[in-house]
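Welcome, and thank you for opening the viewer. Could you walk me through this structure, telling me what to select at each stop and what is there?

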Amino acid sequence: MALIDALKWRYAAKKMNGQTVPQEKIDYILEAAKLAPSSSGLQPYKIFVITNPELKEKIRAVGFDQSQITDASHVLVWAAWDGYSLEKISAVFDRTIAERGIPADAMDEYKNRLWGMYEPLGQEWHANHAARQAYISFGIAIAAAAEQEVDATPMEGFIPAEVDKLLNLSELGLKSVLVLPLGYRDANNDWLVNLKKVRTPQDEFITEIK
């Protein structure tokens, strides 16, 4: 399905039917999410893929009882770094250097300049910035799901601290940011499925500066 057609097809499913999404479609969505751009290529987040029914029930309990969480085939959780550090940044740059086969010190100047900018901004800024990178990947995953005709329901409606506990994220230096149930719409029981998609008119949404 062409991207624009896929985006017109998709909506935030309010009721899913429990049908399993084929693994090759999940893999496609995750690969797209992994390929998303991020500031300085740091990818300061991880994606947790949850199919365990008991864990989905626990997430639903701290997700305002949204049924898509338990009715979905897979639930994806984006968890962003809780802060930047020279060690974390260096690890990413070291992998880049190794993959590209360039000299070990080739990125030192850029790395040190980057950390010089980030360090004084503090952990709250770090965590917010990392979370914003996760949103880019999240959006691309939603588009990729639509291409695969897989329904996805973007969610910020959950208690992050409780999801962090369920996934032991603090021990990993991560904070939950976004949840994305993936599955198939229950067209007979979803009040939103046949309603017109409404967006801001183009002439109001776009401002051209020439």
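Select Asp65, which sits in the loop between H3 and H4. Keep in mind as you look around that this is a predicted model. The phi angle of Asp65 is near 55 degrees, a positive value in a residue other than glycine. Is Asp65 buried or exposed? Its relative accessibility is 53%, and exposed means over 50%, so Asp65 counts as exposed.

With a relative accessibility of 60%, Phe64 counts as exposed.

Next, select residues 23-34, helix H2, together with residues 122-147, helix H7. These two helices pack at an angle of about 150 degrees, and their axes are 8 Å apart. Because of that angle, H2 is roughly antiparallel to H7. The crossing of H2 past H7 is right-handed.

Show the side chains here. Which residues of H2 meet H7? They are Tyr28, Ile29, Ala32 and Ala33, and on the H7 side you will find Ser137, Ile140, Ala141, Ala144, Ala145 and Glu147.

For the last stop, select residues 7-184, which an unreviewed UniProt entry annotates as "domain: Nitroreductase". This span is 49% helix and 15% strand. Its end C-alpha atoms lie 15 Å apart.

Key:
Residues are numbered from 1 along each chain as its sequence is written. This is a predicted model: local features need pLDDT of at least 70, side-chain atom pairs count only at pLDDT 80 or more; totals for chains, interfaces and linings use all residues. Side-chain values use heavy atoms; hydrogens and water are left out. Axes are lines fitted to C-alpha atoms, for helices over the stretch in contact, and angles run from 0 to 180 degrees between N-to-C directions. Helices (H or I, at least four residues) and strands (E, at least two) are DSSP runs, numbered from the N terminus. Angles under 35 degrees count as roughly parallel, over 145 as roughly antiparallel, 65 to 115 as roughly perpendicular and the rest as oblique. A crossing is left-handed if the near helix is turned anticlockwise from the far one by less than a right angle, and right-handed if clockwise. Contact means heavy atoms within 4.5 Å. UniProt positions are given in the numbering used here, feature names are shortened, and annotations may be inferred rather than shown by experiment. Buried means under 20% relative accessible area, exposed over 50%, partly exposed in between (1.4 Å probe, protein chains only).
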